[in-house]
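The sequence and coordinates are shown first.

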Amino acid sequence: LGVQWNETAVGPESRIDELVDDRGEGGIFRVNRRTMTSPGILDLERSRVFDRCWLYLGHDSEIVAPNDYLRRNLNGRPLVFLRDAEGTVRSFFNTCTHRGAAICREPRGNAKTFQCFYHAWTFNNSGQLVALPDEAGYGESFDRSCYALVAVPRLECYRGLWFVGFSADLEPLTDYLAGAKEYIDLVMDQSEAGMRVVPGSNIYATNANWKLLVENSIDGYHAMPVHQTYIDYVRRQGGAVNKNALRGGAARSLGNGHAVMEYEAPWARPIAYWEPLFDEKAKPEIEAKRRELIERFGEERAHRMAETFRNLLIFPNLILNDIAAITLLYVEPVRPDYMQITAWELAPVLEKGETLARRLDSYLTFIGPGGLATPDDVEALESCQRGFAAVAEVEWSDISRGMGRTVPLSHDELQMRSFWRQWRDLMATGGAA
Ligand code: FES
Ligand SMILES: [Fe+2]
């Protein structure tokens with residue numbers, strides 16, 4: 001296997017199959033570490049994985065008012081995500097149809113038009129070219145309508161989550177999401193008035209392959225050793241840590257590479273599992289929330305919503321974690337050993353005051369560059385990536401845990417195998433590179 005993994009070096013497509021050593025349930029499952037070091041593999045991933053999947057763009061609540069917009073980067077493409085003057089949600093490539101400059105240079109805002117700073121062509125937020133300096137200088141065949149902003153090929157929404165497809169022939173989003181829909185519902189149903197993204201995000205970068213963070217986000221096995229700092233903190237504050245929860249639960253494949261681990265909440269969550277951590281004042285309010293969930297959904301579903309954790313992977317690079325806080329995490333590959341991460345916090349639309357403050361506190365205590373958990377994860381991932389420098393001598397990572405069990409547990413590795421099997425199937429078959 002060459003270190004530079006490009007189409008010509010790969011040879012027959014069956015060679016990509018060999019990067020995932022999958023000997024069936026009850027056996028061994030290993031991944032070749034070149035999948036996480038090779039620039040050629042990342043090139044192939046861009047066309048064969050990312051361009052053939054629905055990619056998360058943003059949440060409805062981030063562009064509430066007409067003319068709201070924000071910028072995003074998806075699989076390397078610069079995009080604008082906006083609600084136009086009539087209220088229609090749209091997404092355009094953020095590149096001027098004149099000579100390429102960004103038409104939107106602000107991270108977010110509210111605007112009816114975008115004027116390119118290079119030669120001042122102006123587009124409205126439905127994408128039409130509406131003005132340009134010295135139009136008379138163009139010949140007769142110049143037609144403004146041929147220079148409209150280019151929209152993404154596909155744009156669809158499920159429960160407030162907007163996704164982009166870069167291939168026109170993708171299956172509908174709701175089919176693509178398959179079994180993941182039920183888990184999205186468990187989050188979105190937590191508020192009758194709907195959920196929103198709390199303004200602001202954590203944006204950070206890690207010197208590791210993007211797939212390491214995908215694995216880490218659905219990896220129950222690492223929680224006790226890596227997150228000792230956080231667990232000690234919860235204990236010191238008087239919170240209970242249910243160690244057994246981390247050793248039980250279930251892992252499920254949800255189709256199309258999506259996967260989830262679900263388990264009894266092992267420690268504090270602001271809604272609706274009350275902890276001494278939130279102080280006594282919070283207790284009645286959290287119990288009221290729990291009663292409301294029982295009324296709306298019955299005991300069993302309310303229990304899942306209020307007192308269990310779930311880490312959901314929406315293939316290939318969106319994580320929806322309903323744990324100490326509800327977090328959306330988007331992973332953007334940049335280089336084989338470098339990724340950018342954006343994390344947002346979800347909260348009920350109507351939640352305010354101390355309840356919201358408690359939720360945000362729980363989020364920031366655990367997640368993000370200033371949290372007590374994320375920096376430990378980052379160190380673990382960067383440590384793996386540094387270890388991959390020895391890929392010529394130490395070629396394989398093992399993901400076999402739980403293959404011997406009929407029903408894999410949340411701290412097994414079925415979730416990661418679901419991801420890698422889908423990755424292998426997409427990488428090894430079809431699609432122009
Ligand atoms: S590149 Fe935008 S106006 Fe020239
Ligand atoms: Fe972690």
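## Metal site

D377 is buried, its relative accessible area being 12%; buried denotes under 20% relative accessible area, exposed over 50% and partly exposed in between, with a 1.4 Å probe and protein chains only. H222, at 14% relative accessibility, likewise counts as buried. The model is predicted: local features require pLDDT of at least 70 and side-chain atom pairs pLDDT 80 or more, while totals for chains, interfaces and linings use all residues. Residues are numbered from 1 along each chain as its sequence is written, chains are lettered from A and ligands numbered from 1 in the order written, and side-chain values use heavy atoms, without hydrogens and water.

The iron ion (ligand 2) is coordinated at 2.0 to 2.4 Å by NE2 of H222, NE2 of H227 and two OD contacts of D377 (donors are N, O and S atoms within 2.8 Å of the metal, or 3.2 Å for Na, K and Ca; water is not among the atoms, so sites may look incomplete). The donor residues of the iron ion (ligand 2) follow the spacing H-x4-H-x149-D. H222, in the loop between α6 (210-217) and α7 (223-226), and D377, in helix α11 (residues 374-387), lie 155 residues apart; helices (H or I, at least four residues) and strands (E, at least two) are DSSP runs, numbered from the N terminus.

## Helix α3

In helix α3 (residues 39-48), 7 of the 10 residues are buried, among them I41, L42 and L44.

## Sheet

An open antiparallel sheet has the strand order β3-β12-β11; strands pair if DSSP finds at least two bridges between them. β3 (54-59) and β11 (154-158) are the edge strands, each with a single partner, so one side of each lacks a neighbour in the sheet.
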